[in-house]
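This briefing goes with the sequence and the structure shown below. Keep both in view while reading.

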Amino acid sequence: MSRKFFQEHWEPRMIPFVDLEVKPYLPAKAVLRLPAEDEVSEDGFGYFHDMWLIGNVSRAEADQMVEEDRHLLSLVSESANTPIEFEAIASALENGDPENLPAGFSQRSPDSEIATILEEADDIEPVLGCLEIGVAGLIYALNSIGGMTAASCRGHSSDQAWSDHPVVFLACEPDLAEWLVPFVRDAGCGFGDASSRGPLVTIYAPSVRNTVELARLIMARWDDHPPRRTRDTGAPAVDSGQEPLW
């Protein structure tokens with residue numbers, strides 16, 4: 001993990017952490033390829049439901065999303081005193097719903113930028129394009145370098161959550177997977193095998209602190225150590241209401 005970066009650039013107040021084993025190497029049985037055309041629908045791929053295809057992402061779009069994600073995570077971490085408050089504030093921002101804020105938040109933080117964002121929520125697009133804080137930047141970074149993401153979760157502590165830690169499901173070619181290995185390691189993230197869902201691996205982490213750092217590393221190294229991209233990445237992102245990319 002790039003502890004020097006965290007210490008010099010960002011000391012978050014409260015970000016939930018899950019104690020888990022991190023394996024920063026590609027699984028031996030990983031299926032590394034992009035999905036075929038018939039494996040993708042308007043709901044995405046990998047047998048997930050209620051998802052959408054992000055599609056091609058430009059460098060500028062990825063840079064903007066990575067920065068916005070990091071900024072929102074910083075706002076949440078500075079405003080939360082407990083993991084429960086972190087979840088409530090993050091959910092309020094993601095859903096544009098001030099009712100999700102912890103009790104007494106407005107009185108405690110009357111000048112918070114979070115309150116301003118929520119006041120404008122009805123007039124602007126949802127923050128992070130309906131993706132979750134802490135993984136949105138990584139999703140855009142991975143799609144911008146030639147990968148395809150199928151699903152993600154920032155991790156939740158509720159009984160209904162399908163992951164208690166941050167995870168992103170990724171399809172990519174072997175060259176790109178190998179390119180990612182040192183950055184995944186340095187960010188404190190790991191790889192998991194998701195081949196039961198198709199040509200997918202997971203990138204997971206104990207905390208969104210790690211996934212935000214991985215997104216930063218990917219974008220920072222794009223210029224001096226570019227990946228070999230196997231699909232065009234210059235087109236705008238697409239949502240589930242548009243045709244697949246092929």
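Which residues are linked in a network of salt bridges? Glu-87, Glu-94 and Arg-154 are. The model is predicted.

**The network and its surroundings**

- The structure holds seven salt bridges.
- One of them joins the side chains of Arg-154 and Glu-94, at 2.7 Å from N to O.
- This pair links distant parts of the chain, 60 residues apart. Arg-154 sits in the loop between strand 1 and strand 2. Glu-94 belongs to helix 3, residues 83-95.
- Both Arg-154 and Glu-94 are buried.
- Side chains of opposite charge can pair when their charged atoms come close.
- Glu-87, also part of the network, has a polar contact of 3.0 Å with the side chain of His-156.

**His-156**

- His-156 is in the loop between strand 1 and strand 2.
- Buried or exposed? His-156 counts as buried, because its relative accessibility is 15% and the cut-off for buried is under 20%.
- Leaving out residues up to four places away in sequence, His-156 touches Glu-87, Glu-132, Ala-161, Ser-163 and Asp-164.

- Four strands form an open sheet in the order 1-2-4-3, with antiparallel pairing.
- Its edges are strand 1 (148-153) and strand 3 (190-193), each of which pairs on one side only.
- From one strand to the next, the twist averages 25°.
- Helix 6 (residues 136-144) packs on the sheet and touches strand 1, strand 2 and strand 4. The direction of helix 6 makes about 170° with that of strand 1.
- Five bridges pair strand 1 with strand 2 in the antiparallel sense. Here Cys-153 stands opposite Val-167 of strand 2.
- Strand 2 (residues 167-171) is joined to strand 4 (residues 201-204) by four bridges, and the two run antiparallel. Leu-170 has Val-201 of strand 4 as its bridge partner.
- Strand 1 is an edge strand, yet six of its six residues are buried, so strand 1 is largely enclosed by the rest of the structure.

**Helix 8**

- Helix 8 has 14 residues. From first C-alpha to last it reaches 20 Å, close to the 20 Å expected at 1.5 Å a residue.
- The N-terminal end of helix 8 is capped by Ser-207, with a side-chain oxygen 3.0 Å from the backbone nitrogen of Arg-209.
- Helix 8 is mostly covered, with 10 of its 14 residues buried. Among them are Val-208, Val-212, Leu-214, Leu-217 and Ile-218.
- Within helix 8 (residues 208-221), Arg-216 and Glu-213 lie three residues apart, about one turn of the helix.
- Arg-216 and Glu-213 form a salt bridge, with the closest N and O atoms 2.8 Å apart.
- How accessible are the two partners? Arg-216 counts as partly exposed at 26% relative accessibility. Glu-213 counts as buried at 1%.

**Helix 2**

- Asp-63 and Arg-59 form a salt bridge through their side chains, at 2.9 Å from N to O.
- Both residues lie in helix 2 (residues 59-79), four residues apart, about one turn of the helix.
- An α-helix has 3.6 residues a turn, so residues three or four places apart point the same way.
- Asp-63 is partly exposed, with a relative accessible area of 32%. Arg-59 is partly exposed as well, at 25%.

**Positive phi angles**

- Most residues other than glycine have a negative phi.
- Tyr-47 has a positive phi, near 65°. Tyr-47 lies in the loop between helix 1 (3-9) and helix 2.
- At 67% relative accessibility, Tyr-47 counts as exposed, because the cut-off for exposed is over 50%.
- Cys-130 also has a positive phi, near 75°. Cys-130 is placed in the loop between helix 5 (113-119) and helix 6.
- Cys-130 is partly exposed, with a relative accessible area of 48%.

Definitions and conventions. Residues numbered from 1 in each chain as written. Predicted model: local features only at pLDDT ≥ 70, side-chain atom pairs only at ≥ 80, totals over all residues. Heavy atoms only, no water. Pairing = 2+ DSSP bridges. Axes fitted to C-alpha atoms, helices over the stretch in contact; angles between N-to-C directions. Contact = heavy atoms within 4.5 Å. Salt bridge = Lys/Arg side-chain N within 4 Å of Asp/Glu carboxyl O. Buried < 20%, exposed > 50% of the residue type's maximum accessible area, 1.4 Å probe, protein only. Expected span 1.5 Å × (residues − 1). Polar contact = N/O pair within 3.5 Å; in protein donor to acceptor, adjacent residues only side chain to side chain.
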